Amino acid sequence: MKSTEISIWFFIGVLLTVYGVMILSYGLWELATGNIANVVLARLHAPVWWGAIMLVLGLFYGIRFRPGKEA
């Protein structure tokens, strides 16, 4: 019998995916235009790294805990 409950991890995955896309796109925009924020470690391009990490984790959780998937 299928469960009608949706795991909280699915919603966390969706949020991480959305935030990851937004942060990654901003980081790529910074690189493309050269408008890099005036911060101490700007050369590390933190928005690109964190956006990519959040996107990958969000996709993992979203796919792993998607509704309707057998446990």
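Mentor: S7 caps the N-terminal end of α1. A side-chain oxygen of S7 lies 3.2 Å from the backbone nitrogen of W9. That is a polar contact: a pair of N or O atoms within 3.5 Å, where, within protein, one must be able to donate a hydrogen and the other to accept it, and residues adjacent in sequence count only if both atoms are side-chain atoms. This is a predicted model, in which local features need pLDDT of at least 70 and side-chain atom pairs count only at pLDDT 80 or more, while totals for chains, interfaces and linings use all residues. Residues are numbered from 1 along each chain as its sequence is written, and side-chain values use heavy atoms, with hydrogens and water left out.

Helix α1 covers residues 8-33, 26 residues in total. Helices here are DSSP runs (H or I, at least four residues), and strands are too (E, at least two), numbered from the N terminus. From first C-alpha to last, α1 reaches 38 Å, close to the expected 38 Å. The expected span is 1.5 Å times one less than the number of residues. After α1 comes G34, with a positive phi near 85 degrees.

Now the buried positions. In α1 they are F10, G13, T17, G20, L24, G27 and E30. Buried means under 20% relative accessible area, exposed over 50%, and partly exposed in between (1.4 Å probe, protein chains only). Their cover includes α2 (46-64).

Rings of Phe, Tyr and Trp (its six-membered ring) pair if their centres lie within 6.5 Å; planes under 30 degrees apart count as stacked, over 60 as edge-to-face and the rest as tilted. That rule gives five aromatic pairs. W9 and Y61 have ring centres 5.4 Å apart and planes at 25 degrees, so they are stacked. This pair links distant parts of the chain: W9 sits in α1 and Y61 in α2, 52 residues apart. W9 is partly exposed at 40% relative accessibility. Y61 is partly exposed too, at 23%. F10 and F11 have ring centres 5.6 Å apart and planes at 70 degrees, so that pair is edge-to-face. F10 is buried at 18%, while F11 is partly exposed at 42%. W9 also belongs to one aromatic cluster with F60, Y61 and F65.

Last, the setting. The protein chain has two helices and zero strands. Its C-alpha trace spans about 55 × 20 × 10 Å along the principal axes. Buried residues make up 20% of its 71 residues.

Definitions and conventions. Contact means heavy atoms within 4.5 Å.
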